[in-house]
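Student: Could you pick one part of this model and take me through it closely? I'd like to know what it is made of and what surrounds it.

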Amino acid sequence: SHFAQLDMPLLVVQGADSLLLTNDICASMMDLQPQAKLLRVAGAGHAPYLDPQREGKELLKFFQDQRA
């Protein structure tokens, strides 16, 4: 798969209530990319980063850590 061939820092963002990006799918993704980080957003659906109520602190931290 193309995902398995990616060679860069990866963050998988899963809304914990997503019906599309399930725990099983996330587990498979992490198997393909063991160095990736998984961020589960509690109380969020499929696209947690589109919710204007969320501050995105976890996303900012991930990207700041990549710059360090």
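Tutor: Let's start with polar contacts: here that means a pair of N or O atoms within 3.5 Å, where one must be able to donate a hydrogen and the other to accept it within protein, and residues adjacent in sequence count only if both atoms are side-chain atoms. The side chains of glutamine 33 and glutamine 35 make one at 2.4 Å. This is a predicted model, in which local features need pLDDT of at least 70 and side-chain atom pairs count only at pLDDT 80 or more, while totals for chains, interfaces and linings use all residues. Residues are numbered from 1 along each chain as its sequence is written, and side-chain values use heavy atoms, with hydrogens and water left out.

Glutamine 33 sits in the loop between α2 and β2 (helices, H or I, of at least four residues and strands, E, of at least two are DSSP runs, numbered from the N terminus). Its relative accessible area is 2%, so glutamine 33 is buried; the cut-offs are under 20% for buried and over 50% for exposed, with partly exposed in between, using a 1.4 Å probe and protein chains only. Apart from its neighbours within four places in sequence, glutamine 33 is in contact with Phe3, Ala4, Gln5, Leu6 and Leu10, where contact means heavy atoms within 4.5 Å. Alanine 36 has Leu10 as a contact as well, along with Met30, again leaving aside neighbours within four places.

As background, an α-helix has 3.6 residues a turn, so residues three or four places apart point the same way.

Phenylalanine 3 is 26 residues from methionine 29 along the chain, yet their C-alpha atoms are separated by 7.9 Å.

Those methionines also belong to the largest nonpolar core, which has 7 residues: Leu10, Val12, Leu21, Cys26, Met29, Met30 and Ala36. A core of this kind is a set of buried Ala, Val, Leu, Ile, Met, Phe, Trp, Tyr and Cys residues joined through side-chain atoms within 4.5 Å. With 3 residues, α2 gives the most to this core.

In β1, 4 of the 5 residues are buried, so the strand is largely enclosed by the rest of the structure. β1 and β2 pair in the parallel sense over 5 bridges; for strands to pair, DSSP must find at least two bridges between them. Across that pairing, valine 13 stands opposite leucine 39 in β2, and glutamine 14 has arginine 40 as its bridge partner. Together, β1, α2 and β2 make a right-handed β-α-β unit, meaning that with the strands pointing away from the viewer, the path from the first strand over the helix to the second runs clockwise.

Beyond residues up to four places away, serine 18 touches Ala44, Gly45 and His46.

Of its 68 residues, 26% count as buried. One exposed example is leucine 50, with a relative accessible area of 64%, in the loop between β2 and α3 (57-67).
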